[in-house]
Amino acid sequence: MRQSPDAGIKAQIAQSRMSRFLGILCQRMIVTVQQHILEQQEDKFPAARGNFSSLLSGMTLATKMIQAKIRRAGLVDILGSAGATNVQGETQQKLDVYANQAVLHCLGARESVAFLVSEENEQPVTIDRSAGGKYIVVFDPLDGSSNIDVNVSVGTIFSILRRPEETPGETAVLQAGWKQVAAGYVVYGSSTIFVYTAGQGVFGFTLEPEIGAFVLTFANMKMPAQGNTYSVNEANADTFPESYRTYLGHLRSRGYGSRYIGSLVADFHRTLLKGGVFLYPPTKKNPNGKLRLLYEANPLAFIAEQAGGYATSGTTRIMDIEPLTIHERTPFIIGSRTEVAEFDRIHNAAAANSFTESATG
Ligand code: FBP
């Protein structure tokens, strides 16, 4: 039976409504990290030319390559030592080498990158650019690599800085943490999560393997003001300065539990979601702490502060420390405001006592 003209028009209207609805639904159903970065850039820098979002897409590509290798780690020859030692004196794992190459390759191809500084390379990698490149990226390609062979979560950490015109050469890399343009990490755990901040809050994206895209799953992350766990390698406790031992005793007396994975990214990610505190104190083996300021402490400190937490070296706000060398280490206390403030109170009281004692002999 021939359809009346009205029915025809009604059908067309219904169809266009449905396709518009589906369009909106798809658009809102998922927000990819690229979409999110572009939207943030449009808000903050309407004149932006996409350099920053292109740089971050290089990092998401590299971390997708790394996660693909990690997921197949037991099936392909990628486990174990690569038979070399890095600038830190650590045995390089095969996945350390692969992850480092993946990030160097993907970011090296981005026009806006001038220097790349990796935990695995003694010197900064300078990218020969006619226009010089606007950004510097410092990164730990595979954090917690000692956990790879035992199938425990590992991660990638990165920090993005502007290349200051006035500072030539590699000293341009030695910038305090508050100058970071953006920072982030990826944790390769039960799922792969990309967490980043560009100074407008902290956002988390989970890799959706079905479509191969990082999809927004944690908007505007906030670290709880207080938690109920502390995270530290207590095997070293005998060589911690006394104030740290006093602080840990104080937390235990208040019923805090202990959680320590031994992969900084995984221990920090838990602290970001659940609150509490992570510490890597000075020890006999590492009198200035073990963790590196530029590509471990600074990026996580930026994220913690953007999420309402805090990070200190025991004497200085991590992001106020002026770095002297690219691989320098720092004592690291990071977590919920309550726990870090409690650490500062106990640590400063101990310092004041030892000062009074030394003054009064
Ligand atoms: P890298 O694996 O990047 O060198 O990181 C160092 C690290 O593995 C951190 O992830 C972790 O927090 C810490 O060292 C563990 O050290 P320890 O075994 O001394 O507790």
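This note covers the ligand site of a predicted model.

1. Basis. The model is predicted: local features need pLDDT of at least 70, side-chain atom pairs count only at pLDDT 80 or more, and totals for chains, interfaces and linings use all residues. Residues are numbered from 1 along each chain as its sequence is written, and side-chain values use heavy atoms, without hydrogens or water.

2. Shell. The ligand is surrounded by 16 residues (a heavy atom within 4 Å). The closest are Asp 140, Asp 143, Tyr 260, Leu 264 and Tyr 280. Strand 5 (residues 135-143) gives the most, three residues (strands are DSSP runs of E, at least two residues, numbered from the N terminus).

3. Placement. Domain 1 (8-218) and domain 2 (229-360) both contribute to the shell, so the ligand lies between them. The bounds come from an automatic or database domain assignment.

4. Polar contacts (N or O pairs within 3.5 Å). A polar side-chain atom of Asp 140 is 2.8 Å from a ligand oxygen. A polar backbone atom of Ser 145 lies 3.2 Å from a ligand oxygen. For Glu 296, a side-chain N or O atom lies 3.3 Å from an oxygen of the ligand.

5. Burial. Taken alone, the ligand exposes 470 Å², and the protein buries 87% of that (Shrake-Rupley method, 1.4 Å probe).

Methods: Polar contact = N/O pair within 3.5 Å; in protein donor to acceptor, adjacent residues only side chain to side chain. Helix = DSSP H or I, 4+ residues; strand = E, 2+ residues; numbered from the N terminus.
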